[in-house]
Amino acid sequence: MLAEMRIQGLGVIEDALLELHPGFTVVTGETGAGKSMVVGGLHLLSGGRSEASKVRNGKGRATVEGRFEGVLAEHAARIVADAGGEIDEDGALIALRSVGADGRSRAHLGGRSVPVSVLSDLADRLLAVHGQNDQLRLLRPSEQREVLDRFAAGAVAVPLKAYRETRQEWLAVVTELAERSSRSRELAQQADLLRHGLAEIAAVDPQPGEDAELAEQIKRLAAADELRTAASSAQAAVAGAPDGDPDLPGALGLVGEARRRLSTAEDSVLRELEPRLAEAEVLLADVGAELAGYLESLDADPERLEQVLARQSELKKLTRKYAADSDGVLAWAEDARARLSTMDTSEEALAELAARRDGLAGRLGGQAAELSRARTVAAAELARAITAELAGLAMGQAELDVTVRRRPAEESDAHGLSVDGELVHAGPDGVDEVELVLRAHPAAPPLPVHKAASGGELSRVMLAIEVVLAHADTVQTLVFDEVDAGVGGRAAVEVGRRLARLARSHQVLVVTHLPQVAAFADRHLVVDKGTAAGVTRSDVRTLVPAERVEELARMLAGMDGTETGRAHAEELLAAAEADKRKAGPAGKTRERRSRKA
């Protein structure tokens, strides 16, 4: 959860620390005091768009720092670890976002500088900000489908996963078949060239490393006479003349003579040198034997040289066309065979692909129908649950319906799919279009929710959805900005009651102007605006019980200075506290939810 948030240099807020309650925290204040900057700070901390115009005059930059406490979910902890951030010893995670007066933005997570997108990814897992823009977003069909899927949880998630996997395979086959059919001539020409190259390589049959081996053979064969002369001369110098000429005894003969002379000398110093000459004699004998063997193996056959040169010429024809050496030629052949396996444009190959496409389409159609049925069942349950919540929000005559219809495919739709005999569009999320339809009263026609509901009613519809989705929401912190706009009287009390109920399983932060809502909060923060030396600045402070009575009285049409106003505020607080005690302690539900997670 978000335990603290510090805002510095943002709009009218110079420096403010918000200490948030694990349950229900409310933020109030006069119009223009800077309540919107609190939500603006949360948007910045969530990786939202930054604006240099929001930086306070006279400040170089605006900074928002958030302190998250509690055990992070696995995916959130992975985001922190991947970014190189660290969690404090007390288990807290610090996130920071700053915006300069020049418009430059910086982000930090766990003590490490990170891209702003990392904060955005983390915020998607930790908190959700709901405001007027979010109500507009709810009007999009894709968002309404997502609401239904979130409510249905595994009942839709499981068939949707299977559908997506099959769809990906189906699209790959459809694309391949279309490409092969449209490019059949071009692919046939490419295939002919590849087959010609493979035939040419097969005729020569190069071996790994063969070109380097041939080059060594050619070097030896071409220089055979020179090598023979060098080896013969060396052997004569070591072992003596082949005909035993005493005038050319060789090194072995000279060393032997030296040994004999030293061994018969009268001086012991000379005799001690004889063993060393014996070692030299052995070494020379080995060298002489190896030279003799080399001379015997030396091939000076001109025909063999011609054969090796001809083989090298064949390999060079291949290396000029396909690669730099014989190993590269073999690699090209392997790649060509692989490419040929995917370029078969024969009627048999196309028919095989078409049969595979049709088989996958049949399986995908069945999975799409199963997904539609799961959504239809969940839609009825969601509609009943939201309608029940609306009754508690002073919309007792309203009835909300969630319609699930299949989206027809257009004539040129490449993703057209037959489902139960109907040609529909197979999108990444299924074949269904989901729409929230509201009937304001029994005599009213069912209309899309944005057409049937007023601004205040739309806010209550959104709140009802959040309450119903609380069990499926993995985000711990929910922020509502003016969600009670256009609401008053008994409906406002019900909004406060629903928010308090939501705070039993989530951390809830609400910016409101309604005392009926603020009375249900576990912690009350107020944004105060003041002027000093001609400079306007705002501060955020936590109210004690007596101050809270005064603030609620002020919110009751500015009655903070009257006994009647304070009495009314105390009555409102007492009623809200009694209602909360009746519902039970907030921590119990949150504890059960944490254990379940």
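Here are a few notes to read alongside the structure.

1. Ground rules. This is a predicted model, so local features need pLDDT of at least 70 and side-chain atom pairs count only at pLDDT 80 or more, while totals for chains, interfaces and linings use all residues. Residues are numbered from 1 along each chain as its sequence is written, and side-chain values use heavy atoms, with hydrogens and water left out.

2. Start with helix H6, residues 154-182. (Helices are DSSP runs of H or I, at least four residues, numbered from the N terminus.) H6 has 29 residues and reaches 41 Å from its first C-alpha to its last, close to the 42 Å expected; the expected span is 1.5 Å times one less than the number of residues. Its buried residues include Trp170, Leu171 and also Arg167 and Arg180. Buried here means under 20% relative accessible area, with a 1.4 Å probe and protein chains only.

3. Now have a look at Asp149, in helix H5 (residues 141-152). Buried or exposed? Asp149 counts as buried because its relative accessibility is 14%. Not counting residues up to four places away in sequence, Asp149 touches Val156, Leu160 and Arg375 (contact means heavy atoms within 4.5 Å). Val156 and Leu160 are among the buried residues of H6. Asp149 is also 9.6 Å from Ala374, C-alpha to C-alpha, although 225 residues separate them in sequence.

4. Next, the cores. A nonpolar core is a set of buried Ala, Val, Leu, Ile, Met, Phe, Trp, Tyr and Cys residues joined through side-chain atoms within 4.5 Å. The largest one has 82 residues, and Phe24, Val402, Leu438 and Leu499 have the most contacts inside it. Helix H15 (residues 347-392) gives the most to this core, with 15 residues. Apart from it lies another core of 43 residues, among them Leu10, Leu20, Val64 and Val99.

5. Which residues does Phe24 contact, leaving aside its neighbours within four places in sequence? The list includes Gly496, Leu499, Ala500, Val510 and Phe520. Gly496, Leu499 and Ala500 are buried in H18, a helix of 14 residues (489-502) that reaches 20 Å from first C-alpha to last.

6. Finally, the largest cavity. On a 1 Å grid over the protein atoms alone, a cavity is a set of points where a 1.4 Å probe fits but cannot get out, and lining residues have an atom within 4 Å of a point. About 40 Å³ of space lies in the largest cavity, and its lining includes Leu45, Ser46 and Phe68. Helix H3 (residues 116-126) gives the most to that lining, with 3 residues.

Methods
Helices (H or I, at least four residues) and strands (E, at least two) are DSSP runs, numbered from the N terminus. Buried means under 20% relative accessible area, exposed over 50%, partly exposed in between (1.4 Å probe, protein chains only). On a 1 Å grid over the protein atoms alone, a cavity is a set of points where a 1.4 Å probe fits but cannot get out, and a pocket is an open set with protein on both sides within 12 Å along at least five of seven lines; lining residues have an atom within 4 Å of a point. Grid points are joined across faces, edges and corners, and a volume is the space filled by probe spheres set on the points.
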